[in-house]
Amino acid sequence: MEKIVFRPEGEAPVEFYVLEQTMIAGKTYILVTDAEEGDGEALIMKDMSEPEAKECVYAVVTEDAELSAVAEVFGKILEDVELVEEDFDRTDQMR
């Protein structure tokens, strides 16, 4: 599993493992988790970068309709993974 490091502005780097990636309506989404094996916290993140950007800028998907639609796609791709929706208040972006 690929490990990536996000560097939120003004915060310590955060490591995640990428479970899956998909593209919907021209936008790239990644499903990441904090645990390499077993149960872990997962987030769906959307690439908000400009096409010519050198670095990707990801934002946590928090809008309910978008989150449900993308989670459904990831659920179909990853049949052996159960996604459970929880409230999430963090809306800042990660690099």
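These are my notebook entries on what I looked up in this predicted model.

**Ground rules.** I number residues from 1 along each chain as its sequence is written, and my side-chain values use heavy atoms, with hydrogens and water left out. Since the model is predicted, I note that local features need pLDDT of at least 70 and that side-chain atom pairs count only at pLDDT 80 or more, while totals for chains, interfaces and linings use all residues.

**The chain as a whole.** From the N terminus on, the elements run β-β-β-β-β-α-β. Of the 95 residues in the protein chain, 33% are buried, where buried means under 20% relative accessible area, exposed over 50%, and partly exposed in between (1.4 Å probe, protein chains only). The accessible surface comes to about 6600 Å², with 45% of it belonging to carbon and sulfur atoms; such areas come from the Shrake-Rupley method with a 1.4 Å probe, and for residues only the protein chains shown count as cover.

**The cores.** I then asked which residues form the largest nonpolar core. A nonpolar core is a set of buried Ala, Val, Leu, Ile, Met, Phe, Trp, Tyr and Cys residues joined through side-chain atoms within 4.5 Å. The largest one has ten residues, namely Ile 4, Phe 6, Phe 16, Val 18, Ile 30, Val 32, Leu 43, Met 45, Tyr 58 and Val 60. At least two residues of this core come from each of β1, β2, β3 (27-33), β4 (42-47) and β5 (58-60). Apart from it lies another core of eight residues, including Tyr 29, Val 61, Val 70 and Phe 74. In soluble globular proteins, nonpolar side chains tend to be buried together.

**Thr 22 and Thr 28.** I looked at Thr 22 in strand β2 and at Thr 28 in strand β3. Thr 22 counts as buried because its relative accessibility is 14%, and Thr 28 counts as buried because its relative accessibility is 14%. Not counting residues up to four places away in sequence, Thr 22 touches Lys 27, Thr 28, Tyr 29, Val 73, Phe 74 and Ile 77, contact meaning heavy atoms within 4.5 Å. Leaving aside its neighbours within four places, Thr 28 is in contact with Gln 21, Thr 22, Met 23, Met 45, Lys 46 and Asp 47.

**Two alanines in loops.** Is Ala 25 buried or exposed? Ala 25, found in the loop between β2 and β3, counts as exposed because its relative accessibility is 81%. Ala 25 also has a positive phi of about 50° although it is not a glycine. Most residues other than glycine have a negative phi. Ala 35 sits in the loop between β3 and β4 and counts as buried, because its relative accessibility is 17%. Ala 35 touches Tyr 17 and Gly 40, not counting residues up to four places away in sequence. Between Ala 35 and Glu 15 I noted 20 residues of separation in sequence and 9.5 Å in space, C-alpha to C-alpha.

Methods: Helices (H or I, at least four residues) and strands (E, at least two) are DSSP runs, numbered from the N terminus.
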